[in-house]
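Please open the model in your viewer and keep the selection tool at hand.

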Amino acid sequence: MKRAALKEGDRVGAAAPAKDADFEQFWLFYLRVHSKPVTRRLHFIAISFVFIGLAASLLFGDHGLILIVCIIVAAIIAGATHRLVEHTHPAVFTHPLLALLCGFLMYFLWLGGRLKIELDKAGVE
């Protein structure tokens, strides 16, 4: 059986925001396309790779090579997670800056124990 092509916002209640959407609209969309806990955990690991790469590049003075490798690994983890777990395309392809900001916001809210509040606002269980 052939699978239908994936489109951004295929999840119920996660209609893709307009190109001129404000940050709040995009944030709610972003949370909805990261609705599964395993997706958020894997994104947390991916973003952690970026911070580890930054620290290692600074520590070893490698002109950012470790950071670049870690960013690539993070992108592979995040992209595979969307494809295999959420069955959506990453929002970074259509809204790169907003998706990056939301990814880091989700990371730091999770670290601070405040992500659940935002998930509730977005209607994500």
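Begin by selecting Phe-23, Phe-26, Trp-27, Tyr-30 and Leu-31 in helix α1, which meet Leu-98, Ala-99, Leu-101, Cys-102, Gly-103, Leu-105, Met-106 and Leu-109 in α4; contact here means heavy atoms within 4.5 Å, and helices are DSSP runs (H or I, at least four residues) numbered from the N terminus. The residues of this contact divide into 12 nonpolar, one polar and no charged, where Ala, Val, Leu, Ile, Met, Phe, Trp, Tyr, Cys and Pro count as nonpolar, Asp, Glu, Lys and Arg as charged, and the others, Gly among them, as polar.

This is a predicted model, in which local features need pLDDT of at least 70 and side-chain atom pairs count only at pLDDT 80 or more, while totals for chains, interfaces and linings use all residues. Residues are numbered from 1 along each chain as its sequence is written, and side-chain values use heavy atoms, with hydrogens and water left out.

Now turn to the loops. Which residue lies in the loop between α2 (37-60) and α3 (65-86)? Select His-63, which lies there, and whose phi is near 60°, a positive value in a residue other than glycine. His-63 counts as exposed, at 81% relative accessibility (exposed means over 50% relative accessible area, buried under 20%, and partly exposed in between, with a 1.4 Å probe and protein chains only).

Finally, select His-87 in the loop between α3 and α4, where phi is again near 60°, and which is partly exposed, with a relative accessible area of 28%.

Technical notes:
Helices (H or I, at least four residues) and strands (E, at least two) are DSSP runs, numbered from the N terminus.
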